[in-house]
Amino acid sequence: MAAQGTAAAPGAVAQTPATGPAARPAKRDWRGRRPFWGGLLVALGGAEILFTLKAPLPVILHIGMEGLAGYLVPAVMVLCGLLILFNPAQRLFYSILAVLASLGSWVTSNLGGFLIGMLLGVVGACLTFGWVPDQPLRPGRQRRLDRREERRSARTAGA
């Protein structure tokens, strides 16, 4: 460790607050307070369906007014995914809407984005529906966190 007033050791990497060790727990904390993976899968499923609508394939189906439903259903899925991420208090409503839109994409959007987008949407909506906020930690996870805290406190006390 460099003494105060001297230059840092060569090869030492300066850590900025945005990329340092303090930023990772902040991101993890943000992800932990919302159904992150469910919302991400729903949004990715909707985006995949939207991209398959633009694919230059001869098997693309367009139903109705120039395929309006084909664009509307995946747009609703992307919107539900984003709302799940940024407004987790209403996650149950958004997850039900997302699973209905995902299943509706089977008919309106190239068999649900050739099945991939529909499955991503359904799995993401189910993950979101089953997510419970502020759950107590499992005993094994709590023990690991306690041991990690003990090691940190022993390391700082010994240094």
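Helix 3 against helix 4

Reader: How does helix 3 pass helix 4, in a left-handed or a right-handed crossing?

Author: Helix 3 passes helix 4 in a left-handed crossing. Bear in mind that this is a predicted model.

Reader: Which residues make that contact?

Author: From helix 3 you have Ala69, Gly70, Val73, Val76, Met77, Cys80, Leu83 and Ile84. Helix 4 brings in Tyr94, Ser95, Leu97, Ala98, Ala101, Ser102, Gly104, Ser105 and Thr108. Sorted by class, the contact has 11 nonpolar, 6 polar and no charged residues.

Reader: Why are helix 3 and helix 4 called roughly antiparallel?

Author: Look at the angle. The axes of helix 3 (residues 68–86) and helix 4 (residues 91–108) cross at roughly 155°, and angles over 145 degrees count as roughly antiparallel. Helix 3 and helix 4 are therefore roughly antiparallel to each other. The two axes come within 9 Å.

Reader: What makes Val73 a buried residue?

Author: Val73, which sits in helix 3, has a relative accessible area of 17%. The cut-off for buried is under 20%, so Val73 counts as buried.

Reader: Which residues does Val73 touch, leaving out those up to four places away in sequence?

Author: Val73 touches Ala101, Gly104, Ser105 and Thr108. Take Ser105: Val73 and Ser105 are 32 residues apart in sequence, yet their C-alpha atoms are 6.2 Å apart in space.

Reader: What makes up the largest nonpolar core?

Author: That core has 6 residues in all: Val42, Cys80, Ile84, Tyr94, Ala98 and Ala125. To belong to such a set, residues must be buried and joined through side-chain atoms within 4.5 Å. Helix 3 and helix 4 are the elements that give two or more residues to this core.

Reader: Zooming out, how many helices and strands does the protein chain have?

Author: The count comes to 7 helices and 0 strands, giving the pattern α-α-α-α-α-α-α along the sequence. Of the 159 residues in the protein chain, 28% are buried. Among contacts with a separation of 6 or more, 74% come from residues 24 or more positions apart.

Key
Residues numbered from 1 in each chain as written. Predicted model: local features only at pLDDT ≥ 70, side-chain atom pairs only at ≥ 80, totals over all residues. Heavy atoms only, no water. Axes fitted to C-alpha atoms, helices over the stretch in contact; angles between N-to-C directions. Helix = DSSP H or I, 4+ residues; strand = E, 2+ residues; numbered from the N terminus. Parallel < 35°, antiparallel > 145°, perpendicular 65-115°, else oblique. Left-handed = near helix turned anticlockwise from the far one by under 90°. Contact = heavy atoms within 4.5 Å. Nonpolar A, V, L, I, M, F, W, Y, C, P; charged D, E, K, R; others polar. Buried < 20%, exposed > 50% of the residue type's maximum accessible area, 1.4 Å probe, protein only.
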